[in-house]
Amino acid sequence: MLQLLIRRVLAPLTRLVYRPIVVDADKVPPTGPVILAANHRSAADTFVIPIVTPRPVAFLGKAEYFTGKGPKARLMAAFLSALGYVPVERGNAAAGLAALGAARRVLDDGGAFGIYPEGTRSLDGRLHRGHTGVGALALATGAPVVPVALTGTDRLLPHGKKIPRLVRVTVRFGDPLEFSRYEGLKDSPAIRRAVTDEIMYAIMELSKQEYVDAYHKRPNAA
């Protein structure tokens, strides 16, 4: 019921207030597994994408967001679950494998899964090298990848701020990418890198960001 309330009431109200510019959302397949691979400019990105995408989108969320004991913590957990967050532990190799497993379960169930290949927010405005988890996920599941470019979310909720500003943002969806030509090669690191680089190039074309062929350093928690 909370998910229905968010999609039927909160999402339209948010779109009315913030008036986001949404380009080519119809490129997102209406059914079946799909990966939405986006650039990452702000903590607000994970709220913006589900609001403008024509179907529910699942994202990974820190497990501690779902384990609080008080009423406020339980309400937050319910809200994040309704938004489509999937709780996962973070911080080590085992956690990374668990995250990919959680993402794969969403796709195996025919859902839409959102991912930021850069791995963290870009604080310099540039698009950084993508981690190959997105390539591994696409190859393992066969799900198409829709590139997504967000513009303006860094002004909507700047790094270190907790209250969003009244700023108009733009979300552009690209043509779905499919990688069936690599069938049987999902375990190849070189192929995972090639797929990831193709996805990042598509995001760059949409976002018009300067590309940096280096991983972005994870910012300090704010």
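**The aromatic pair**

Author: At 14% relative accessibility, tyrosine 116 is buried (buried means under 20% relative accessible area, exposed over 50%, partly exposed in between, with a 1.4 Å probe and protein chains only). This is a predicted model, in which local features need pLDDT of at least 70 and side-chain atom pairs count only at pLDDT 80 or more, while totals for chains, interfaces and linings use all residues. Residues are numbered from 1 along each chain as its sequence is written, and side-chain values use heavy atoms, with hydrogens and water left out.

The structure holds 1 aromatic pair. Its members are phenylalanine 59 and tyrosine 116, which are stacked at 5.6 Å centre to centre with 25 degrees between the planes. Rings of Phe, Tyr and Trp (its six-membered ring) pair if their centres lie within 6.5 Å; planes under 30 degrees apart count as stacked, over 60 as edge-to-face and the rest as tilted. Phenylalanine 59 belongs to strand S3 (residues 57-62), whereas tyrosine 116 sits in the loop between strand S5 (112-115) and strand S6 (127-128), so the pair ties together parts that are 57 residues apart in sequence. Strands (E, at least two residues) and helices (H or I, at least four) are DSSP runs, numbered from the N terminus. Phenylalanine 59 is also buried, its relative accessible area being 4%.

Elsewhere, arginine 193 in helix H7 (residues 189-207) is buried as well, at 14% relative accessibility. Leaving aside residues up to four places away in sequence, arginine 193 touches Arg129, Gly130, Thr132 and Tyr215, where contact means heavy atoms within 4.5 Å. Leucine 16, found in helix H1 (residues 2-18), is exposed, with a relative accessible area of 62%.
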